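Open the structure in your viewer and keep the selection tool at hand. The tour below goes from one stop to the next.

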Amino acid sequence: MSNDEHQPEFAADSGGSGNRRIRISAGAAEPGRGRPLILYKEAREEARQLGHNFVDTEHFLIALARYQEDISAKAMLAFGLNVNTLRSAAEEFAPASIDTCHGEMNITPQARSAQDGAWDEALKLQHVTVGPEHLLLAILYQQVGIASRILDASALDRKELRTQIFKLMRVGNQ
């Protein structure tokens, strides 16, 4: 087995801007993880729906909550965070900036940092793919940005949410 087979997968950015998009994929070491997802596409759609011309961490949070079968969504739901509550909070903290958005969207430095952090989380845990839970863990470590404000406003304990994610990861691997 080559070293590449142990690395989390990332999709190339189709815009040629050098941005990395995180590919959430099922791997042999993680059975039952569901169909492959490209979260960036989902986050971009959430940004468009909210009238934003950029992709940021709040869009990733909403996209993570869409897939109720995933660890990240289950963990957030245990703390009362679902698609509707996250969208409402995103609308409150980041009102629409445009009427409609067409074409390429920039990814904010905060969102790019979360993507890189997801990679780091997967590597720390010795996982062969980067899953939605790794992205959520990375977002939980961030102390600035709209997603951070949403999490703080929800009054959840980030450490408890991390613990819930790890508990669900163990259950899923048994």
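A residue counts as buried when its relative accessible area is under 20%, and as exposed when that area is over 50%. The model on screen is predicted.

Start with helix H6, residues 132-141. Nine of its ten residues are buried, so H6 is largely enclosed by the rest of the structure. Select Pro132, Glu133, His134, Leu135, Leu136, Leu137, Ala138, Ile139 and Leu140 to see the buried residues of H6.

Next, go to the loop between helix H5 (109-124) and H6, and select Gln126 there. Gln126 is not a glycine, yet its phi is positive, at about 60 degrees. Is Gln126 buried or exposed? With a relative accessible area of 72%, Gln126 is exposed.

Now move to the loop between helix H7 (146-153) and helix H8 (158-172), where Ala155 lies. Ala155 also has a positive phi, of about 65 degrees, although Ala155 is not a glycine. The relative accessible area of Ala155 is 67%, which makes Ala155 exposed.

For the last stop, select helix H2 (residues 57-66) together with helix H4 (residues 83-93). Their axes come within 9 Å and cross at roughly 165 degrees. H2 is therefore roughly antiparallel to H4. The crossing of the two helices, H2 and H4, is left-handed.

Which residues of H2 and H4 meet? From H2, pick Glu58, Leu61, Ile62, Ala65 and Arg66; from H4, pick Val83, Leu86, Arg87 and Ala90. The residues of this contact between H2 and H4 comprise six nonpolar, three charged and no polar ones.

Definitions and conventions:
Residues are numbered from 1 along each chain as its sequence is written. This is a predicted model: local features need pLDDT of at least 70, side-chain atom pairs count only at pLDDT 80 or more; totals for chains, interfaces and linings use all residues. Side-chain values use heavy atoms; hydrogens and water are left out. Axes are lines fitted to C-alpha atoms, for helices over the stretch in contact, and angles run from 0 to 180 degrees between N-to-C directions. Helices (H or I, at least four residues) and strands (E, at least two) are DSSP runs, numbered from the N terminus. Angles under 35 degrees count as roughly parallel, over 145 as roughly antiparallel, 65 to 115 as roughly perpendicular and the rest as oblique. A crossing is left-handed if the near helix is turned anticlockwise from the far one by less than a right angle, and right-handed if clockwise. Contact means heavy atoms within 4.5 Å. Ala, Val, Leu, Ile, Met, Phe, Trp, Tyr, Cys and Pro count as nonpolar, Asp, Glu, Lys and Arg as charged, and the others, Gly among them, as polar. Buried means under 20% relative accessible area, exposed over 50%, partly exposed in between (1.4 Å probe, protein chains only).
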